[in-house]
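Subject: Structure handover

Hello,

Here is the structure you asked for. Please look it over before reading the notes that follow.

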Amino acid sequence: MPRVYLSLGSNIDREHNIRSGLNQLAAEFGELGLSPVYESEAVGFSGDAFYNLVASLDMDLPVGELAERLHAIERAHGRVRGEKKFASRTLDIDILTCGDLTGDIDGVELPRGEILKHAFVLRPLADLAPTAEHPVLKRTYAALLEDYRFPEQRLWQVPFVWP
């Protein structure tokens with residue numbers, strides 16, 4: 001079964017939505033690995049700060065089916081698809097990687113480009129899986145974090161206990 005890494009974020013009732021989203025993920029997929037939770041400023045728009053983290057799970061579903069199940073969890077939290085790219089979110093769950101799959105898989109681009117663009121994605125991914133390798137660059141997430149320091153993107157680790 002491939003290891004899947006997911007990015008979760010919320011800036012609307014963020015603690016409730018992150019906690020509830022994790023509960024639904026665990027109910028649907030079983031045991032989760034979790035990074036620390038980080039608070040970050042909104043990127044690309046003026047809005048409330050986000051909570052972000054990375055979760056891992058093992059599953060053998062096709063990527064398209066996984067994406068549909070994740071979209072259903074987002075919808076259950078009030079997420080409406082088709083919103084502006086940079087906007088407030090009740091719950092956003094993105095597939096970062098699925099094993100070593102690369103390219104467009106069932107309409108999902110893997111690995112997700114945001115891994116190398118945003119500290120709020122790479123930092124928690126490197127915390128959770130420091131020795132795992134980016135499937136294209138073949139470098140560990142810890143090494144990538146050293147290269148991509150994102151000085152303009154500030155993060156604060158926040159106390160968060162789940163479940």
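Helices here are DSSP runs of H or I with at least four residues, strands are runs of E with at least two, and both are numbered from the N terminus. By that definition, Glu15 and Arg19 both belong to helix 1, and because they are 4 residues apart there, about one helical turn separates them. Their side chains meet in a salt bridge, at 3.0 Å from N to O. Glu15 counts as partly exposed, with 37% relative accessibility, and Arg19 is also partly exposed, with a relative accessible area of 24%.

Please keep in mind that this is a predicted model. The rest of what was found is set out by topic.

Salt bridges

The count of salt bridges comes to 11.

Asp58 is bridged to Arg3, with the closest N and O atoms 2.8 Å apart. This pair links strand 4, where Asp58 sits, to strand 1, which holds Arg3, and the partners are 55 residues apart. Asp58 has a relative accessible area of 34%, so it is partly exposed. Arg3 counts as partly exposed too, at 38% relative accessibility.

In the other pair, Glu41 forms a salt bridge with Arg154, and the closest N and O atoms are 2.6 Å apart.

Nonpolar cores

The largest nonpolar core has 27 residues, and the members that touch the most others are Leu6, Leu8, Leu25 and Ile95. At least two residues of this core come from each of strand 1 (3-10), helix 1 (14-29), strand 4 (50-58), helix 2 (63-76), strand 5 (92-98) and strand 7 (108-110). Helix 2 contributes the most, with 5 residues.

Which residues are in contact with Leu25, leaving aside its neighbours within four places in sequence? They are Leu6, Leu8, Gly30, Leu32, Leu70 and Ile73. Apart from this core lies another one of 15 residues, including Tyr5, Val54, Ile115 and Leu144.

Is Thr97 buried or exposed? The cut-off for buried is under 20% relative accessible area, so Thr97, at 3% relative accessibility, counts as buried. Thr97 is placed in strand 5. Setting aside neighbours within four places in sequence, Thr97 has contacts with Arg3, Val4, Tyr5, Leu110, Pro111, Ile115, Pro135 and Tyr141. One of these, Arg3, is the salt-bridge partner of Asp58, and another, Tyr5, is among the members of the 15-residue core.

Glu146 lies in helix 4 (residues 141-147) and is partly exposed, with a relative accessible area of 48%. Glu146 and Thr97 are 49 residues apart in sequence, and their C-alpha atoms are 20 Å apart in space.

Backbone points to check

Two cis peptide bonds should be kept in view when you set up the model. The bond from Leu110 to Pro111 is cis, with omega near -10°. Pro111 is in the loop between strand 7 and helix 3 (119-128), and it is one of the residues that Thr97 contacts. The bond joining Trp162 and Pro163 is also cis, with omega about 0°, and Pro163 falls in the segment after strand 8.

Asp13 has a phi of about 45° and is found in the loop between strand 1 and helix 1. With a relative accessible area of 52%, Asp13 is exposed. Phi of Asp106 is near 55°; this residue lies in the loop between strand 6 (103-105) and strand 7. Asp106 counts as exposed, at 51% relative accessibility.

Regards

Key:
Residues numbered from 1 in each chain as written. Predicted model: local features only at pLDDT ≥ 70, side-chain atom pairs only at ≥ 80, totals over all residues. Heavy atoms only, no water. Core = buried A, V, L, I, M, F, W, Y, C linked by side-chain atoms within 4.5 Å. Buried < 20%, exposed > 50% of the residue type's maximum accessible area, 1.4 Å probe, protein only. Contact = heavy atoms within 4.5 Å. Salt bridge = Lys/Arg side-chain N within 4 Å of Asp/Glu carboxyl O.
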